Each structure stands twice: as structure tokens, then as C-alpha cells.
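Hello,

I am handing this structure over to you. Please open it first, then read my notes below.

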Amino acid sequence: MDRCLAISKLMFTAALLLVLSSSSTTKGRGGTKAFQLSRLSSSTASAFVTARLPTTHHRHRVPTATIPTPEGSSSLHRASLRDLLEGGNARSSSSVAAADKVKSPNTQAAAAVNNVIETTLPIKETSKKSSSASIISISDSYDSGNGEFVSFNIADGEEDYTDVIVRVNIKKDPFTQLEQKSHSQSFSFRSSINFNSPAIRGIFSDKKSIKVKYIIDNAREASYADAWNGASIFVTKKLTPFDPESWHRTSDTKFEKGVLSWTHVHDVEGESSAYFAYFPPFSYERHLSLIARCAEVKGARVFSLGQTVLGREIDCVKVGRGPRTCWIIHRQHPGESMASFYAEGLLTRLLALDDKWDKVSEKARELFTFYIVPNINPDGSANGYLRTNGAGSNLNREWCPSPSPPSADGNTSTSDEVYEAPTMLRSPEVYYLLKKMDDTGCDAFLDIHGDEALPFNFLAGSQGMSVWGKRLESLHGAFLASYERANPDMQAKVSYDPDKPNEGMKNISSNQIAERFDCFSGTLEMPFKECWGRPAGWGPERARQLGASVLDAFCYVQPYLRDDSDFWTGLPDEDGYVEPSSKY
């Protein structure tokens, strides 16, 4: 290895000297000397000029390189060789000047100098695609992908014994008119070794693996930046990101100095690609497959509530023949993919999609008529958004009109201005859903989400609504107690701090439904992080199990959903309401 490195240094020096040897161009069959450099084989000049050599002198400034100018130019344009080798978000000012000042009638010589700057010495790209010179190729061009290549550089090898550092940005959601912001947090992208990179053919040619440090450069700008603390990123080496069983958590995720980072070892000769995600994605194709399987079950009916902003159907599964109507919706916030796995587990058990019938699911179909919407926001899900639909609306703020937001310049809106919601223009998903719910009525409602900050599964109730009283409080307590008995991943002590009486936001689904139908209603949240106090391994499979277990809780509280008596006096003490707190 030392011998190869020494030879690499020697060849790099020789290539560099071709540039430094003259301050004027020398014409001939090969053109200028600068142009001759650009034509050297990839195993010599290109390989060693493209990637910084891992010498022991990285801490010291590399001397500036003299770039020859075309004939007729009296000055020499100097550019930092290290800047040119490592690149950046844009060309260094000196290299730009060197290109821009080429104003000579001798256009062939000018093109030669530009050729050195543009092709031989790699400049970091700010586009969504990885540079052709990058050792690692980043792609998010798949269903739910979100990750934009920023830059790469060869590491000193001193930090985490890393070979390469790759920086990626999370793309932001469309601007939300009501909240006056662009959300971001969820991400998913593919990373592959770029075998066209000169560095792979050069300085890394004898390596069987490459250790890469990934950095989310704009993590500090995320909607819930503090939630990165304690997070662990998911990774899979499968060639598809849609095999949920293949994902596992990284062990070295860190959030420091405003950036999120982790490392991964890529096999050069074996599995050279990997996918990374905040939580494993659930594809639209998988959603459609789930819907198709439900439609094949006798007694189930699949229909569309209407179309989304971008023209996708809002699929709803109706099943059961019971006297109580239960609505369960998922994925209002598209970046919370655990909600889709929850829906998959719920429907699999309720309809025996795995050919496993049980008494609880049979009882549930007798007690309830279920309306289950597995994904109310398929547009945002497919586009890799965190919280918005295809029109840039946060659906969980579209359930009733709200005061108009401040304008972009910060001026407060007048009291008589109203933000109308839901509307066919901004939020047809909620518009169609509420219209159908008004037709069917509702005795119980759950809205399934994921939470970035709290490392628990929990249920946020409608404590801030005028209908909240001993009846709804007791239903909330009994439902959670039964749920926890059925699945220990659920718990009651930690949740959002309850709203004060009559101060809840009515434009949030669970609050609006509680007030509208005077019924048991809640927002069920699952963590992106590991579940505290539970065995490690929280992920898609456990989310599916949690979805299946909710049938036990619904069956338990069904007799009390419309009971006007003091039914809570006959419930056991362990079913009592626990006032939650966000502190843990």
C-alpha cells in the first residue's frame, strides 16, 4: 500500500509540473501544455487530480498553482490547488476569475484553459445529481425519496477512520400558506459507489471496502431539529428500499454542531449500494397491493372517497356489520411512514389477509362498521414530503376554517379574514373525508401518526374540546389500559401535554371529530426513535403489530362508546384515566 501511495504521489507531482512548468502556452500538435494535461489517461493525471491524495500534510495549506493564460494575456491567474481538488459548493473565486478573464482572439487557447478548469480539476456541483467525479453517487429518484447531494471529499482518515465524507441535504416541503413555512425532516436516499470515479480507479483501487461518513448538512433547519438528539438512522443493503424486514438502525448516529451524521462501510466488490432513511419507506405500489388484497376479501368493500390534488384515489376500506361506526385514518403527514405499516397490520388482522382468523377480529367485525383509510395523503408520500400534500397544505390543519395567518412580511392579519378549510383547491383529501363522515356518523375515531421527538407510542386525546368530560376521559383511560394489556409497546404516562379546557385547536382532526360527533377521538403517535423502556428493534414490524392490537382495545370499550350512564364506576382501577405529560 505504501509503495502504491508513493507511486501515486510521484505521478501526481509529474502531472502537476506539466501545469507549473510554463507561464505561457506552447503550441504544437497536442495544443497547449494545459490542454495536454487534460488529455492524460485516467490512470495518471485525471485519477490524481480528481481526488485529494491522503497524505499526512492535509492540515497544511497546499501552495497555489499557477494556471497558464492564453497568449496575449499579461497576467497569471492563480487558484488554490486544494480548493480545486476538494471542490466546494461552487468554483473558487480565483478559478472563476481564471475562466472569466479568458478574453483572447485565440479561442483555441482559451478553450484549452477552460478545459483544465472544467474537466481535469473537479468542481463540486450544487445540482441534485452527484458529481461524476464523486466517489459516492446519491439518488432519491424513487417513490418517497428525499435527499440532495451537496458535496464530497476524501477524508484525512483521522476522524472515525473514515475514507470519504459525503454531504446531503433534505429537500423541503412546498410552502404552507397557513403555517407560513416549508417543513423538512424526513429523508430517504440511495448511496452507491461510483465506479466511474477516477479515485476508485486510482487511490482506492486496492481497497475492498470504503468507509463513508454521511452528513445531513441542513439538519439544523429541520422542523423539529431538537428531535435529532437520540435518533438513529435506518439502513438497508438491499437493492430495493421497500423490503421492510431488511432495514436496521445505525449504531453511530450523531447530532452535533447542527449536522446529523453516521457512517457506513461500502463493499467495493460486493454490495456497494445502500439506502438510508429516517424511517423505512412504504411505497405507493405497496399501498395499492394492500388495497387490492382487501378488495378480494368477502365482506370487505373498497371504494374511493375522491381524488387528491394530483389525481390519486383516496382509498377507503369498509368492513364489518356492527352498530358502532369507527373511522381510522393514516398518513395525514406523509413522512410518517410507520402509519402505513400500522394500517397494514390492522387490515391484515381484521381481514385475515395472512389466513389467520382469530376471535378478536371476528368480534370486532360484529361490533363495528369500520371505515379505514390506509393513506389519506398519497401525493405527499410519493413525493417524499414530511407534512404536506401536493398543494403544500398540512392536512392536519385543514379540518375547519382558521384565522388567516400573518403575511410573509410578518404583518398580522385582520380579525375578519379567514383561512377557509377544507377546500377542493388546497385540501380535497379532508374535504371528501369529512363529507363521507357526515354521512356515516362516527362513534370512535383514530388518526395515526409518527412523532419525531418522543420515544414512545402514545395517544393524544381531545382534552381541550368543550365535549371533554368524565365520559370521554373514562373512555380514553379504558382504551389505553386495554391497549397496553394487548401490546406493551403502548403506554399511557407520556404524551403531549393536554390542552387546557376549551383551548384545543379545532382544525386538528381528532379535536374536530370529537367536537363534531361528541365521540371518543384521539391522535395515535408512534416514534421515529427506539421505544424507551422496551426491547430494541422498534420498526416496521412492531408498527404492524401495534396496528393489529388496536382491535382488542376497540372491542373492550365498544359497550361504553354511547353509554350515557356513569359506566366508569364499574370499571376496574387499572382502567382509570392517567393524565399524561411530555416529560419523561
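Is the crossing in which α13 passes α15 left-handed or right-handed? It is right-handed. Keep in mind throughout that this is a predicted model.

**The helix pair.** Two packed helices are described by the angle between their axes and the distance between the axes. Here, helix α13 covers residues 470-486 and helix α15 covers residues 540-557. Their axes come within 8 Å and cross at roughly 135°. The two helices are therefore oblique to each other. On the α13 side, the contact is made by L475, A478, F479, S482, Y483, R485 and A486. From α15 come L546, G547, S549, V550, D552, A553, F554, Y556 and V557.

**The sheet.** Five strands form an open sheet, in the order β3-β6-β12-β8-β9. The pairing is antiparallel. β3 (136-139) and β9 (248-249) are at the edges. Each has a single partner strand, so one side of each lacks a neighbour in the sheet. Further in, look at β8 (residues 234-236) and β12 (residues 273-277), which are joined by three bridges. In that pair, F234 stands opposite A277 of β12.

**The cysteines.** How many disulfides are there? The count is zero. A disulfide is a covalent bond between the sulfur atoms of two cysteines. Take C442: the closest cysteine sulfur belongs to C519, 4.1 Å away, which is too far for a bond. The cut-off is 2.5 Å. C442 is buried, at 3% relative accessible area. C531 is buried as well, at 6% relative accessibility.

Best wishes

Terms used: Residues are numbered from 1 along each chain as its sequence is written. This is a predicted model: local features need pLDDT of at least 70, side-chain atom pairs count only at pLDDT 80 or more; totals for chains, interfaces and linings use all residues. Side-chain values use heavy atoms; hydrogens and water are left out. Two strands pair if DSSP finds at least two bridges between them. Helices (H or I, at least four residues) and strands (E, at least two) are DSSP runs, numbered from the N terminus. Buried means under 20% relative accessible area, exposed over 50%, partly exposed in between (1.4 Å probe, protein chains only). Axes are lines fitted to C-alpha atoms, for helices over the stretch in contact, and angles run from 0 to 180 degrees between N-to-C directions. Angles under 35 degrees count as roughly parallel, over 145 as roughly antiparallel, 65 to 115 as roughly perpendicular and the rest as oblique. A crossing is left-handed if the near helix is turned anticlockwise from the far one by less than a right angle, and right-handed if clockwise. Contact means heavy atoms within 4.5 Å.
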